[in-house]
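The entries below follow the order in which I checked them.

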Amino acid sequence: MSIVVTGATGELGRLVIDQLLATVPAASVAAVVRDKEKAAGLAARGVELRIADYNRPETLADAFRAGDRVLLVSGSEVGRRTEQHGAVIDAAKAAGVAQLAYTGVLGGPEADFLLAAEHKATEQLILDSGLPYTFLRNGWYTENYTANLAPVLEHGAVVANAGEGRVASATRADYAAAAAAVLTGEGHLGAAYELSGDAAWSLAEYASAIAEATGKEITYKNVPAAVHQEILVGAGVPEGFAAILVDVDEAIGRGLLAGTGGDLARLIGRPTTPLADSVKAAVAGV
């Protein structure tokens, strides 16, 4: 039996591997990756590599073993993820894995924004498969904002169409720690965890945090959805993905990413990373 992480060279997957290696022997960890060379660092740490591709279902046949505990990290190709995830689920079922944990979206079936559709479809596929499951319904990543500080600093403004909505974000490291806890602990089968930060903040508060960290005047500019769409496309964001981001902002405005139920802090055994800490770290790296 191994603890298996798919998408292990991605931003979240690597952090999950890091968390696992801090608590379990490397020989018990396997990484499902597309590119062996890109994963050379993991192999050097003693992690078993299993080469497979979400887009090539035939390669997934050898990705899992009976009794494995598997983390299915959701794919990044919006619009193709239901099919990709379905191939992983089929392979996991055929192998007889003992647990399939999935990184979905906060709110689960209740989430009504565009980005949630494939997550909801994947959860249903997992339920239909009969596999022992754990749903990790991740809220918004703080890095979705802090990784894009350059235009904010250039223009002195956080631009969005989220109104006065609030975001209970957490860092990727926080979510990775929760995934590792579920994969190594007991009592998580059949559970659906709503994972979010301890505190919800507004984009005006985010702008203030950047201003405090930089000493610059940073404001929050709330704009109509159509205007935000134009701004994103003008900045080089593909039109379809820009529409998804605008739709997420509208969901934030409706309060759908503001939940602070505490599941994340309970799983990781500590408070989630404060927004101010993430902003300061991001500013230092710009």
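**Strands and helices**

I first looked up strand β5 (residues 99-105), which runs parallel to strand β6 (residues 133-138) and is joined to it by 6 bridges. Within this pair, Tyr 102 stands opposite Phe 135 in β6. I note that the model is predicted, with pLDDT of at least 70 needed for local features and 80 or more for side-chain atom pairs, while totals for chains, interfaces and linings use all residues. Residues are numbered from 1 along each chain as its sequence is written, and side-chain values use heavy atoms, without hydrogens and water.

Helices (H or I, at least four residues) and strands (E, at least two) are DSSP runs numbered from the N terminus; strands pair if DSSP finds at least two bridges between them.

I then traced the open sheet: its 7 strands pair in parallel in the order β3-β2-β1-β4-β5-β6-β9. β3 (48-51) and β9 (191-195) are at the edges with a single partner strand each, so one side of each lacks a neighbour in the sheet.

Next I checked helix α7 (residues 172-184), which lies across β1 (3-6), β4 (69-72), β5, β6 and β9 (contact: heavy atoms within 4.5 Å). Helix α7 runs at about 155 degrees to β4; axes are fitted to C-alpha atoms, for helices over the stretch in contact, with angles from 0 to 180 degrees between N-to-C directions.

Finally I looked up helices α3 (residues 81-95) and α4 (residues 117-129), whose axes come within 9 Å and cross at roughly 20 degrees. That makes α3 roughly parallel to α4 (angles under 35 degrees).

Methods. Angles under 35 degrees count as roughly parallel, over 145 as roughly antiparallel, 65 to 115 as roughly perpendicular and the rest as oblique.
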